[in-house]
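Me: Hi! I've got a structure open and would like to talk it through with you. Can we start with the charged side chains?

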Amino acid sequence: MRPTISIVPLVFSAAVTSSSFSLFSNDQKTLVDDSLSVPGENPLNFCADPADYILTIDHVDLDPNPPEKGKGLTIKAKGNFTEEVEKGAYIGLSVKYGLITLVNTKADLCDQMQEVDEECPLSGVKDFTKEVSLPKEIPGGKYTVLADVYTKDEKKITCLNAIAHF
Ligand SMILES: *[C@@H]1O[C@H](CO)[C@@H](O)[C@H](O)[C@H]1NC(C)=O
């Protein structure tokens, strides 16, 4: 399995590795405008109309969906970078547990890409599969995740959010 990349696995990996917590479940999706749902089997929503985003997401499929703690998680995703994304792009990632901020960080997108054998500049269609494992020690409760991804010139690549209950 060739580890190529899209933004979403990075967000997953970054969130999982930087916090040892994991994130997503389907419970709250019905509370959100359906037109903002990310295509595929996942609990993700776009923050706003994705027509304005550089990354067009074809699908993101999670197995199992929603993810379960103490189990593996397979992420399959495909998307199109409709403009070239150069070095300097970044991910603004925040993870809250209830009202408590666990993670609030800025990660270099291109650095993250190298960990999965992709390099900037990024353009065109990217397809990937990634396996992660979710620690069984994840404390029960409500998690809110926001990943806001920008080019170095502050153009929006994508913005995703999710609410999870473990
Ligand atoms: C990807 O985006 C480019 C730029 O908008 C477009 O020309 C191309 O057709 C797209 N590819 C696919 C498979 O949608």
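Reply: Happy to! The side chains of lysine 71 and glutamate 68 meet in a salt bridge, with N to O at 2.7 Å; the term stands for a side-chain nitrogen of Lys or Arg within 4 Å of a carboxyl oxygen of Asp or Glu. Before we go on, this is a predicted model, where local features need pLDDT of at least 70 and side-chain atom pairs count only at pLDDT 80 or more, while totals for chains, interfaces and linings use all residues. Residues are numbered from 1 along each chain as its sequence is written, and side-chain values use heavy atoms, with hydrogens and water left out.

Me: What does glutamate 83 pair with in a salt bridge?

Reply: Its partner is lysine 155, again with N to O at 2.7 Å. That pair links distant parts of the chain, since glutamate 83 sits in strand S3 (residues 72–85) and lysine 155 in the loop between S7 and S8, 72 residues apart. Strands and helices here are DSSP runs numbered from the N terminus (E, at least two residues, for strands; H or I, at least four, for helices). Glutamate 83 counts as partly exposed at 35%, and lysine 155 is partly exposed at 40%.

Me: And how many salt bridges does the count come to?

Reply: The count is 6. Another one of them joins glutamate 137 and lysine 136, with the closest N and O atoms 3.6 Å apart. Glutamate 137 is exposed at 58%, and lysine 136 is exposed at 63%.

Me: Switching topic: what's the strand order in the open sheet?

Reply: The order is S1-S8-S7-S4-S5, 5 strands with antiparallel pairing. S1 and S5 (100–108) stand at the edges with a single partner strand each, so one side of each has no neighbour in the sheet. Two strands pair if DSSP finds at least two bridges between them.

Me: How many bridges are there between S7 and S8?

Reply: S7 (residues 142–150) and S8 pair over 9 bridges, in the antiparallel sense. Valine 145 has alanine 162 as its bridge partner in S8, and tyrosine 150 stands opposite lysine 156. In the hairpin of these two strands, with 5 residues between them, glutamate 154 takes a positive phi near 65°.

Me: What about S1 and S8?

Reply: S1 (residues 45–46) pairs with S8 (residues 156–165) over 2 bridges, also antiparallel. There, asparagine 45 has asparagine 161 as its bridge partner.

Me: Now the inside. How many residues does the largest nonpolar core have?

Reply: It has 38 residues, and those with the most contacts inside it are Val60, Val85, Leu109 and Ile157. Such a core is a set of buried Ala, Val, Leu, Ile, Met, Phe, Trp, Tyr and Cys residues joined through side-chain atoms within 4.5 Å. Elements that each supply at least two residues include strand S2 (55–63), helix H2 (109–114) and strand S6 (122–133).

Me: Last one: which residues are around the ligand?

Reply: Asn80, Thr82 and Val125, each with a heavy atom within 4 Å of it. A polar side-chain atom of asparagine 80 lies 2.4 Å from an oxygen atom of the ligand.

Methods: A polar contact is a pair of N or O atoms within 3.5 Å; within protein, one must be able to donate a hydrogen and the other to accept it, and residues adjacent in sequence count only if both atoms are side-chain atoms. Buried means under 20% relative accessible area, exposed over 50%, partly exposed in between (1.4 Å probe, protein chains only).
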